[in-house]
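I opened this notebook to keep track of what I looked up, entry by entry.

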Amino acid sequence: MIDVTPRGCGLRLTKPLRRGQYLTLTVYSDDGTASVICDLVRVQWANAERAGVAFLSMSRENELRLPRLCGDRGIFVFEG
């Protein structure tokens with residue numbers, strides 16, 4: 001993860017994404033004991049190594065947990 005804001009985040013990629021793509025984003029803690037689900041994100045921009053996504057739908061509970069989890073350098077899984 002490059003950065004996180006209340007409206008979205010920047011990501012370093014291991015597989016390509018394309019602008020306009022909609023995904024479900026699940027963020028796992030390093031030890032796998034906690035996760036946050038972003039029900040719907042939209043890829044705002046992407047290149048071979050990075051992408052920026054906007055959070056479109058997320059529960060209030062996950063919205064509050066995301067910054068804490070990202071402080072632990074979570075692991076991201078995309079489903080789309």
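I am working with a predicted model, in which local features need pLDDT of at least 70 and side-chain atom pairs count only at pLDDT 80 or more, while totals for chains, interfaces and linings use all residues. Residues are numbered from 1 along each chain as its sequence is written, and side-chain values use heavy atoms, with hydrogens and water left out.

**Helix H1.** I looked up which residues of H1 (residues 60–70) are buried and found Asn 62, Leu 66, Leu 69 and Cys 70. Seen down the axis of H1, these buried residues fall within an arc of 80 degrees (taken from the directions from the axis to the C-beta atoms), so they line one face of the helix. Buried here means under 20% relative accessible area, exposed over 50%, and partly exposed in between, with a 1.4 Å probe and protein chains only. Helices (H or I, at least four residues) and strands (E, at least two) are DSSP runs, numbered from the N terminus. I noted that the buried residues of H1 pack against strands E1 (3–5), E3 (22–28), E4 (35–46) and E5 (50–57), contact being heavy atoms within 4.5 Å. On the other side of H1, Arg 60, Glu 61 and Arg 68 are exposed.

**Salt bridge.** I found 1 salt bridge in the structure, a term for a side-chain nitrogen of Lys or Arg within 4 Å of a carboxyl oxygen of Asp or Glu. Arg 60 forms it with Glu 63, and their closest N and O atoms are 2.7 Å apart.

**Loop residue.** I located Glu 49 in the loop between E4 and E5, where it counts as exposed at 58% relative accessibility.
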